[in-house]
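Hi,

Here is the structure I said I'd pass on.

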Amino acid sequence: MEFEGKVALITGSGRGIGRAIALHLAERGADIVVNFFRNRTPAEDTAAEIGKLGRKAIVVKADIGDPDGIERLFAETELAFGALDILVCNAASGYNRPAMEQRVKGWDWTMNINARSALFCAQHAVPLMQKRGRGYIVNQSSIGSQRVLPEYVVVGASKAALEAVTRYLAVELAPLGIVVNAVSGGTVLTDALKHFRVLEDGSILGSGAERVPAGRMVMPEDIANVVAFLCTPAAEMIRGQVIVVDGGYTLTVH
Ligand SMILES: NC(=O)c1ccc[n+]([C@@H]2O[C@H](COP(=O)([O-])OP(=O)(O)OC[C@H]3O[C@@H](n4cnc5c(N)ncnc54)[C@H](OP(=O)(O)O)[C@@H]3O)[C@@H](O)[C@H]2O)c1
(Lines give C-alpha, C1' and ligand atoms only; values in the text may rest on other atoms or scores of the structure.)
Protein backbone atom coordinates (compact mmCIF):
# COMPACT_ATOMS: atom_id res chain seq x y z
CA MET A 1 0.00 0.00 0.00
CA GLU A 2 1.40 3.33 -1.08
CA PHE A 3 0.93 5.22 2.21
CA GLU A 4 2.07 2.40 4.50
CA GLY A 5 4.32 3.74 7.28
CA LYS A 6 3.25 7.29 6.52
CA VAL A 7 1.53 9.67 8.94
CA ALA A 8 -1.22 12.04 7.79
CA LEU A 9 -2.79 14.87 9.77
CA ILE A 10 -6.15 16.09 8.49
CA THR A 11 -7.67 19.12 10.19
CA GLY A 12 -11.41 18.85 10.80
CA SER A 13 -11.50 15.13 10.09
CA GLY A 14 -14.32 13.95 12.33
CA ARG A 15 -16.98 14.81 9.77
CA GLY A 16 -17.64 15.55 6.13
CA ILE A 17 -14.88 15.77 3.58
CA GLY A 18 -12.13 15.60 6.23
CA ARG A 19 -13.46 12.27 7.47
CA ALA A 20 -13.57 10.91 3.90
CA ILE A 21 -9.95 11.98 3.35
CA ALA A 22 -8.84 10.43 6.65
CA LEU A 23 -10.51 7.10 5.84
CA HIS A 24 -9.24 7.10 2.26
CA LEU A 25 -5.61 7.70 3.29
CA ALA A 26 -5.96 5.05 6.02
CA GLU A 27 -7.36 2.55 3.49
CA ARG A 28 -4.23 3.16 1.49
CA GLY A 29 -2.00 2.52 4.51
CA ALA A 30 -1.51 5.79 6.42
CA ASP A 31 -1.72 6.31 10.17
CA ILE A 32 -3.92 9.31 10.92
CA VAL A 33 -4.17 12.31 13.24
CA VAL A 34 -7.89 13.06 13.51
CA ASN A 35 -8.53 16.67 14.54
CA PHE A 36 -11.81 18.14 15.72
CA PHE A 37 -12.97 21.36 17.35
CA ARG A 38 -16.50 20.97 18.76
CA ASN A 39 -17.74 17.48 17.90
CA ARG A 40 -15.78 14.77 19.71
CA THR A 41 -18.11 11.83 19.02
CA PRO A 42 -17.78 11.81 15.21
CA ALA A 43 -14.01 12.24 15.59
CA GLU A 44 -13.86 9.20 17.89
CA ASP A 45 -15.99 7.30 15.36
CA THR A 46 -13.60 8.21 12.54
CA ALA A 47 -10.65 7.02 14.64
CA ALA A 48 -12.48 3.75 15.41
CA GLU A 49 -13.08 3.19 11.67
CA ILE A 50 -9.39 3.78 11.01
CA GLY A 51 -8.57 1.25 13.73
CA LYS A 52 -10.76 -1.32 11.98
CA LEU A 53 -8.65 -0.77 8.85
CA GLY A 54 -5.62 -1.84 10.89
CA ARG A 55 -4.13 1.66 11.08
CA LYS A 56 -3.26 3.80 14.08
CA ALA A 57 -5.24 6.95 14.80
CA ILE A 58 -5.08 9.59 17.49
CA VAL A 59 -7.81 12.12 18.16
CA VAL A 60 -6.79 15.69 19.00
CA LYS A 61 -9.19 18.44 20.01
CA ALA A 62 -7.71 21.71 18.80
CA ASP A 63 -9.07 25.00 17.48
CA ILE A 64 -6.93 25.73 14.44
CA GLY A 65 -8.11 29.34 14.51
CA ASP A 66 -6.03 29.69 17.68
CA PRO A 67 -2.21 29.57 17.37
CA ASP A 68 -2.01 27.75 20.73
CA GLY A 69 -4.41 25.11 19.38
CA ILE A 70 -2.18 24.61 16.34
CA GLU A 71 0.89 24.27 18.54
CA ARG A 72 -0.81 21.61 20.67
CA LEU A 73 -2.06 19.74 17.60
CA PHE A 74 1.46 19.31 16.25
CA ALA A 75 2.99 18.64 19.66
CA GLU A 76 0.57 15.73 20.13
CA THR A 77 1.29 14.54 16.59
CA GLU A 78 5.02 14.49 17.31
CA LEU A 79 4.48 12.75 20.64
CA ALA A 80 2.38 10.00 19.05
CA PHE A 81 4.16 9.49 15.73
CA GLY A 82 7.49 11.37 15.85
CA ALA A 83 7.16 12.75 12.32
CA LEU A 84 4.66 13.76 9.64
CA ASP A 85 4.35 12.97 5.92
CA ILE A 86 1.03 14.53 4.87
CA LEU A 87 -0.83 17.61 6.11
CA VAL A 88 -4.33 18.29 4.79
CA CYS A 89 -5.69 21.69 5.87
CA ASN A 90 -9.36 20.85 5.50
CA ALA A 91 -11.19 22.43 8.46
CA ALA A 92 -13.22 25.53 7.74
CA SER A 93 -15.82 27.73 9.30
CA GLY A 94 -17.50 30.98 8.35
CA TYR A 95 -20.24 33.52 8.67
CA ASN A 96 -22.63 33.19 5.74
CA ARG A 97 -24.53 36.44 5.20
CA PRO A 98 -24.63 39.28 2.68
CA ALA A 99 -21.61 41.58 2.45
CA MET A 100 -23.47 44.52 4.01
CA GLU A 101 -24.32 42.43 7.07
CA GLN A 102 -20.81 41.15 7.76
CA ARG A 103 -19.04 42.21 10.96
CA VAL A 104 -15.38 42.44 11.92
CA LYS A 105 -15.73 39.53 14.35
CA GLY A 106 -16.99 37.23 11.59
CA TRP A 107 -14.22 38.30 9.22
CA ASP A 108 -11.51 37.63 11.82
CA TRP A 109 -13.06 34.30 12.85
CA THR A 110 -13.34 33.08 9.27
CA MET A 111 -9.96 34.29 8.07
CA ASN A 112 -8.16 32.84 11.10
CA ILE A 113 -9.69 29.38 10.75
CA ASN A 114 -9.71 29.13 6.96
CA ALA A 115 -6.57 30.97 5.87
CA ARG A 116 -4.21 31.96 8.70
CA SER A 117 -4.25 28.42 10.04
CA ALA A 118 -2.75 27.01 6.83
CA LEU A 119 0.35 29.18 7.14
CA PHE A 120 0.92 28.39 10.80
CA CYS A 121 0.05 24.69 10.45
CA ALA A 122 2.71 24.58 7.72
CA GLN A 123 5.25 26.21 10.04
CA HIS A 124 4.71 23.43 12.55
CA ALA A 125 4.46 20.67 9.95
CA VAL A 126 7.73 21.43 8.16
CA PRO A 127 10.13 20.37 10.96
CA LEU A 128 8.20 17.09 11.31
CA MET A 129 8.34 16.54 7.52
CA GLN A 130 12.05 17.35 7.44
CA LYS A 131 12.59 14.31 9.64
CA ARG A 132 11.36 12.32 6.62
CA GLY A 133 13.22 14.42 4.04
CA ARG A 134 9.99 15.14 2.15
CA GLY A 135 6.30 15.86 2.63
CA TYR A 136 2.97 16.83 1.10
CA ILE A 137 0.57 19.62 2.02
CA VAL A 138 -2.90 19.91 0.51
CA ASN A 139 -5.17 22.84 1.35
CA GLN A 140 -8.92 22.66 0.94
CA SER A 141 -10.28 25.62 -1.00
CA SER A 142 -13.67 26.16 -2.67
CA ILE A 143 -14.99 27.66 -5.87
CA GLY A 144 -16.10 30.71 -3.85
CA SER A 145 -12.48 31.90 -4.00
CA GLN A 146 -13.03 32.82 -7.65
CA ARG A 147 -16.78 32.84 -8.21
CA VAL A 148 -19.45 34.80 -6.35
CA LEU A 149 -21.76 32.63 -4.25
CA PRO A 150 -24.69 33.98 -2.20
CA GLU A 151 -23.71 35.15 1.31
CA TYR A 152 -20.21 33.77 0.86
CA VAL A 153 -18.12 36.96 0.75
CA VAL A 154 -15.99 36.30 3.84
CA VAL A 155 -15.45 32.59 3.23
CA GLY A 156 -14.70 33.39 -0.43
CA ALA A 157 -12.07 35.94 0.61
CA SER A 158 -10.57 33.46 3.08
CA LYS A 159 -10.33 30.79 0.37
CA ALA A 160 -8.68 33.28 -2.02
CA ALA A 161 -6.12 34.00 0.72
CA LEU A 162 -5.68 30.26 1.27
CA GLU A 163 -4.93 29.76 -2.43
CA ALA A 164 -2.31 32.55 -2.30
CA VAL A 165 -0.72 30.94 0.79
CA THR A 166 -0.66 27.66 -1.17
CA ARG A 167 1.36 29.23 -3.99
CA TYR A 168 3.89 30.88 -1.65
CA LEU A 169 4.37 27.71 0.36
CA ALA A 170 4.78 25.69 -2.83
CA VAL A 171 7.72 27.82 -3.88
CA GLU A 172 9.33 28.35 -0.48
CA LEU A 173 9.03 24.72 0.64
CA ALA A 174 10.05 23.15 -2.67
CA PRO A 175 13.78 23.14 -1.76
CA LEU A 176 12.84 21.07 1.32
CA GLY A 177 11.17 18.41 -0.82
CA ILE A 178 7.70 19.46 0.30
CA VAL A 179 4.95 19.51 -2.34
CA VAL A 180 2.11 21.98 -1.73
CA ASN A 181 -1.18 22.19 -3.63
CA ALA A 182 -4.86 22.91 -3.08
CA VAL A 183 -8.09 21.18 -4.03
CA SER A 184 -11.22 23.19 -4.75
CA GLY A 185 -14.53 21.39 -4.60
CA GLY A 186 -17.81 22.32 -6.19
CA THR A 187 -20.89 21.73 -4.06
CA VAL A 188 -20.02 18.61 -2.10
CA LEU A 189 -22.72 16.66 -0.30
CA THR A 190 -21.91 17.17 3.42
CA ASP A 191 -23.51 18.66 6.56
CA ALA A 192 -21.97 22.03 5.60
CA LEU A 193 -24.77 22.54 3.11
CA LYS A 194 -27.19 22.94 6.04
CA HIS A 195 -25.65 26.38 6.60
CA PHE A 196 -26.77 27.60 3.18
CA ARG A 197 -30.25 28.77 2.41
CA VAL A 198 -32.43 26.48 0.39
CA LEU A 199 -33.72 28.49 -2.56
CA GLU A 200 -37.41 28.78 -3.51
CA ASP A 201 -37.10 26.03 -6.10
CA GLY A 202 -35.72 23.73 -3.41
CA SER A 203 -32.14 23.76 -4.72
CA ILE A 204 -29.10 24.75 -2.68
CA LEU A 205 -27.21 27.64 -4.27
CA GLY A 206 -28.67 26.53 -7.60
CA SER A 207 -26.09 23.80 -7.85
CA GLY A 208 -28.17 20.66 -8.22
CA ALA A 209 -26.90 17.62 -10.07
CA GLU A 210 -28.68 18.71 -13.27
CA ARG A 211 -26.26 21.63 -13.55
CA VAL A 212 -23.15 19.48 -13.18
CA PRO A 213 -21.89 18.35 -16.61
CA ALA A 214 -20.61 15.12 -15.04
CA GLY A 215 -24.23 14.35 -14.15
CA ARG A 216 -24.02 14.03 -10.38
CA MET A 217 -23.05 15.96 -7.27
CA VAL A 218 -19.47 15.83 -6.04
CA MET A 219 -19.08 13.38 -3.15
CA PRO A 220 -16.52 13.67 -0.32
CA GLU A 221 -14.77 10.58 -1.74
CA ASP A 222 -14.20 12.42 -5.05
CA ILE A 223 -12.23 15.05 -3.14
CA ALA A 224 -10.39 12.39 -1.11
CA ASN A 225 -9.23 10.65 -4.29
CA VAL A 226 -7.67 13.82 -5.64
CA VAL A 227 -6.07 14.75 -2.30
CA ALA A 228 -4.49 11.29 -2.16
CA PHE A 229 -3.20 11.60 -5.74
CA LEU A 230 -1.54 14.94 -4.88
CA CYS A 231 0.33 13.11 -2.09
CA THR A 232 1.94 10.58 -4.45
CA PRO A 233 5.16 10.76 -6.48
CA ALA A 234 2.98 10.71 -9.64
CA ALA A 235 1.93 14.27 -8.79
CA GLU A 236 5.48 15.39 -7.98
CA MET A 237 5.55 18.13 -10.64
CA ILE A 238 2.21 19.68 -9.70
CA ARG A 239 3.16 22.60 -7.46
CA GLY A 240 1.07 25.42 -6.00
CA GLN A 241 -1.96 24.54 -8.11
CA VAL A 242 -5.63 24.66 -7.21
CA ILE A 243 -7.22 21.52 -8.64
CA VAL A 244 -10.94 22.09 -9.23
CA VAL A 245 -13.10 19.04 -8.49
CA ASP A 246 -16.58 20.14 -9.49
CA GLY A 247 -17.70 17.78 -12.25
CA GLY A 248 -17.42 20.70 -14.67
CA TYR A 249 -19.97 22.85 -12.80
CA THR A 250 -18.00 26.11 -13.09
CA LEU A 251 -17.30 25.64 -16.80
CA THR A 252 -20.80 26.45 -17.97
CA VAL A 253 -22.82 29.68 -17.84
CA HIS A 254 -25.83 29.19 -15.55
N1 LIG B 1 -19.28 20.91 1.42
C2 LIG B 1 -19.01 21.61 0.33
O3 LIG B 1 -19.88 21.83 -0.54
C4 LIG B 1 -17.63 22.15 0.09
C5 LIG B 1 -17.32 22.62 -1.18
C6 LIG B 1 -16.04 23.09 -1.45
C7 LIG B 1 -15.10 23.12 -0.45
N8 LIG B 1 -15.42 22.68 0.79
C9 LIG B 1 -14.37 22.76 1.81
O10 LIG B 1 -14.07 21.46 2.28
C11 LIG B 1 -13.69 21.53 3.66
C12 LIG B 1 -14.55 20.61 4.48
O13 LIG B 1 -15.89 20.94 4.24
P14 LIG B 1 -17.11 20.09 4.83
O15 LIG B 1 -18.25 20.32 3.93
O16 LIG B 1 -16.67 18.71 5.13
O17 LIG B 1 -17.34 20.89 6.20
P18 LIG B 1 -18.20 20.51 7.49
O19 LIG B 1 -19.03 19.30 7.25
O20 LIG B 1 -18.86 21.78 7.92
O21 LIG B 1 -17.05 20.16 8.53
C22 LIG B 1 -16.19 21.16 8.97
C23 LIG B 1 -15.07 20.49 9.69
O24 LIG B 1 -14.14 21.50 10.11
C25 LIG B 1 -13.94 21.36 11.52
N26 LIG B 1 -13.66 22.66 12.10
C27 LIG B 1 -14.40 23.79 12.01
N28 LIG B 1 -13.80 24.78 12.68
C29 LIG B 1 -12.66 24.26 13.21
C30 LIG B 1 -11.62 24.80 14.02
N31 LIG B 1 -11.62 26.06 14.41
N32 LIG B 1 -10.60 23.97 14.38
C33 LIG B 1 -10.58 22.67 13.99
N34 LIG B 1 -11.55 22.11 13.23
C35 LIG B 1 -12.57 22.91 12.85
C36 LIG B 1 -15.20 20.72 12.05
O37 LIG B 1 -14.93 20.11 13.28
P38 LIG B 1 -16.08 19.91 14.41
O39 LIG B 1 -17.00 18.87 13.86
O40 LIG B 1 -15.38 19.44 15.63
O41 LIG B 1 -16.73 21.25 14.58
C42 LIG B 1 -15.53 19.75 10.93
O43 LIG B 1 -14.78 18.57 11.05
C44 LIG B 1 -13.79 22.99 4.05
O45 LIG B 1 -12.55 23.61 3.89
C46 LIG B 1 -14.78 23.55 3.03
O47 LIG B 1 -14.63 24.94 2.83
C48 LIG B 1 -16.66 22.19 1.08
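A definition to start with: buried means under 20% relative accessible area, exposed means over 50%, and partly exposed is in between, using a 1.4 Å probe and protein chains only. This is a predicted model, so local features need a pLDDT of at least 70 and side-chain atom pairs count only at pLDDT 80 or more, while totals for chains, interfaces and linings use all residues. Residues are numbered from 1 along each chain as its sequence is written, and side-chain values use heavy atoms, with hydrogens and water left out.

On confidence: pLDDT is the predictor's confidence in each residue, from 0 to 100. The protein chain averages 94, and 94% of the residues score at least 70. Residues 198-202 fall below 50, and this stretch has four contacts in the model beyond near neighbours in sequence (contact: heavy atoms within 4.5 Å).

Now helix α6, residues 220-230, which is mostly covered: eight of its eleven residues are buried. Helices here are DSSP runs of H or I with at least four residues, strands are runs of E with at least two, and both are numbered from the N terminus. The buried ones in α6 are Pro220, Asp222, Ile223, Ala224, Val226, Val227, Ala228 and Leu230. They pack against α1, β4 (86-89), β5, β6 (178-185) and β7 (242-245).

From the α1 side, take His24, which is found in that helix. His24 is buried, at a relative accessible area of 14%, and touches Ala224, Asn225 and Ala228, leaving aside residues up to four places away in sequence.

Then the ligand. Around it are 27 residues, of which Arg15, Arg38, Asn90, Val188 and Thr190 come nearest (near: a heavy atom within 4 Å). By class, the shell has eleven nonpolar, twelve polar and four charged residues; Ala, Val, Leu, Ile, Met, Phe, Trp, Tyr, Cys and Pro count as nonpolar, Asp, Glu, Lys and Arg as charged, and the others, Gly among them, as polar. α1 (16-27), β2 (31-36) and β5 (135-142) each supply at least two shell residues, and β5 gives the most, with three.

For polar contacts (here, N or O atom pairs within 3.5 Å), a backbone N or O atom of Phe37 sits 2.8 Å from a ligand oxygen, and a polar backbone atom of Gly12 is 3.1 Å from an oxygen of the ligand. A side-chain N or O atom of Asp63 lies 2.8 Å from a ligand nitrogen. Taken alone the ligand exposes 900 Å², and the protein buries 92% of that (Shrake-Rupley areas, 1.4 Å probe).

Cheers

Terms used. Polar contact = N/O pair within 3.5 Å; in protein donor to acceptor, adjacent residues only side chain to side chain.
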